Structures are given as structure tokens and as C-alpha cells.
Amino acid sequence: MPQTPKNKELVIATKNAGKAREFALLFEPFGIVARCLNDYPQIPDIPEEGETFADNALTKAKTVAELLGVPALADDSGLCVDALDGRPGVYSARYAGPGAKDADNNAKLLRELELLAEAGRLAVESAAADGREVRLLSPARFVCSLALYDPHSPPVQVEGQCEGFVIDTLIGENGFGYDPLFYMAEFGQTMAQLPMTRKNEISHRSRALAKLQELLRESEA
Ligand SMILES: O=c1nc[nH]c2c1ncn2[C@H]1C[C@H](O)[C@@H](COP(=O)(O)OP(=O)(O)OP(=O)(O)O)O1
Ligand SMILES: [Mg+2]
């Protein structure tokens, strides 16, 4: 990872506390302290108007790196649901409207999928989440695009994904965002049931970060 102002700190261009916690843990083994935008109140809200996760990640990283004059890493991520033709996708954070909270977005996602289920448009199967029966409403994937912007080098961009299903009920207390509705058959659990250490082994975010580290290693070799 590149050296940042206070050597061994990296600015993460995010205001999302859930992402910030995951990055802090992911960078800890490297002795890198991940600083998020809550540490830089002078940075204004950055509009996310791109058509792709990659566009938005680059905009966030570039804006913050140029304002602070140091490298910045940005994450643009979301949930792409097959039965909804990939929605909410880049609109995941504001699916239920501007300023939507995680609970609002989860409620809207359930509403949309239940409407399709009632219309007989979903092939719904059942599964067990820690012994509870749940309905698998649609295959879905989490996508995370990372952009590392160093004012003195070309940007580096990578993407990671994590496959699962949206289920019909919220389960689990960990994580953030859509985690309580995201079920992974291989674990028989939702993302919100996994401790953060476990989520960080399999998530779209950790997979993207592993790719970024690989690219940086190759470019240094
Ligand atoms: O691991 C995840 N587990 C559950 N939900 C997730 C995850 N990763 C992204 N998501 C959802 C949350 C939010 O609805 C949207 C991200 O939107 P996104 O614009 O990238 O982040 P944000 O606005 O919350 O913070 P910021 O832009 O300051 O980084 O996707
Ligand atoms: Mg955002």
C-alpha cells in the first residue's frame, strides 16, 4: 500500500461507518490505520452520479485525494438482484429515496420482491438459516468497486463480488446495509450472522482489496 501523510495511514473516502470498520480490520495486519471521512469534516458530500460502481468509486477517490493532497481509497458498492434486473445496483444507498436509511432500503427491497412473488414471477425455494426456514426470493450479488487515487500516479481500479440470495426476512445483527437479507447457502447463514472477521474472508470488499494488493505488488515487482 502507498505511503500516506503520516506514514502508515490511508484515507478511505467513505462516510459509511460499516465500511470504515471493515477496512480498519482489513488493514490492521499491515499496520496501516484506515482513516475515514469522519476524520475530515472539511470534505463536502460528494455526488455519486456515475452509471457504474467504478465511475463513482473513482469520483470519490479523486475528489478526496485532490482536496487532501494525499492518496485516497474509495469504495462504491451495492446489491444487484437478478429478479430486479440488477437493481438496486448503483442506487443501493438511495433505493428508498434520498437520505434513505438501511432499514428503509431493506423494507423497499422486500416489498418489491414480495410483489413479484405474489404475482408468481419468482421461483421461490426454501432453505434453513441456523434452523429457521427462509424463502430464497432471488439470486443476488454484492459488488464492490475500489479506486485508489494517488495524485502522482494513474488510478488503480478493481472489483470484487460475493454471490448469495435475498431472503424474505431480516436475520442477524452484524454488518450493515443489506447484510440481514443476504443469505449464503454455503454457510446456511446471512451475511449479518457472520462475525466481521469471517465476513472479511469472503466479502466483495475483501475480494476487491485482495485484487488491489495483488496489482500493487505486481507493479512494484
Ligand atoms: O457489505 C455490504 N453489506 C451490506 N450492504 C452493503 C455492503 N456493501 C455495500 N452495501 C450497500 C449499503 C449501501 O446501501 C450501498 C453502498 O452505497 P455507497 O454509495 O457505496 O456507500 P455509502 O453511500 O453508504 O457510503 P460512501 O459513499 O460514503 O462510501 O450498498
Ligand atoms: Mg455513497
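**Helix α1 and its setting**

Reply: The buried residues of helix α1 are covered by parts of the chain that include β1 (9-12), β2 (33-35), β3, α4 (196-202) and α5 (204-220). This is a predicted model, in which local features need pLDDT of at least 70 and side-chain atom pairs count only at pLDDT 80 or more, while totals for chains, interfaces and linings use all residues. Residues are numbered from 1 along each chain as its sequence is written, and chains are lettered from A and ligands numbered from 1 in the order in which they are written.

Helix α1 spans residues 17-27, and its buried residues are K19, E22 and F23. Buried means 20 or more other C-beta atoms within 10 Å of the residue's own, exposed 12 or fewer, with C-beta atoms placed from the backbone. Viewed down the axis of α1, these residues fall within an arc of 100°, so they line one face of the helix; the arc is that of the directions from the helix axis to the C-beta atoms. An α-helix has 3.6 residues a turn, so residues three or four places apart point the same way.

One of the covering elements, strand β3 (residues 72-81), contains D76. An unreviewed UniProt entry places the feature "active site" at D76, and the annotation "binding site", also from an unreviewed entry, covers D76; such annotations may be inferred rather than shown by experiment. D76 counts as buried because it has 27 C-beta neighbours inside 10 Å. Not counting residues up to four places away in sequence, D76 touches E48, F53, N56, A57, K60 and S145, where contact means C-beta atoms within 7 Å.

Strand β3 also holds G78, which counts as buried because it has 25 C-beta neighbours inside 10 Å. With neighbours within four places in sequence left aside, the contacts of G78 are F53, P88, G89, V90, S92 and V143. G78 and H204 are 126 residues apart in sequence, yet their C-alpha atoms are 9.6 Å apart in space.

Beyond these residues, the largest nonpolar core has 48 residues, and A13, A61, A72, L73, L146 and V166 have the most contacts inside it. Such a core is a set of buried Ala, Val, Leu, Ile, Met, Phe, Trp, Tyr and Cys residues joined through C-beta atoms within 7 Å. At least two of its residues come from each of β1, α2 (53-68), β3, α3 (102-118), β5 (132-149), β6 (156-167), β7 (182-184) and α5. Strand β5 gives the most, with ten residues.

The protein chain as a whole has five helices and eight strands, which run β-α-β-α-β-α-β-β-β-β-β-α-α from the N terminus on. These elements are DSSP runs numbered from the N terminus, with helices (H or I) of at least four residues and strands (E) of at least two. Buried residues make up 35% of the 221 residues. Among contacts with a separation of 6 or more, 58% join residues 24 or more positions apart. The C-alpha trace spans about 55 × 35 × 30 Å along its principal axes.

As to confidence, the chain averages a pLDDT of 96, and 97% of the residues score at least 70; pLDDT is the predictor's confidence in each residue, from 0 to 100.

Methods:
Two residues are in contact if their C-beta atoms, placed from the backbone, lie within 7 Å.
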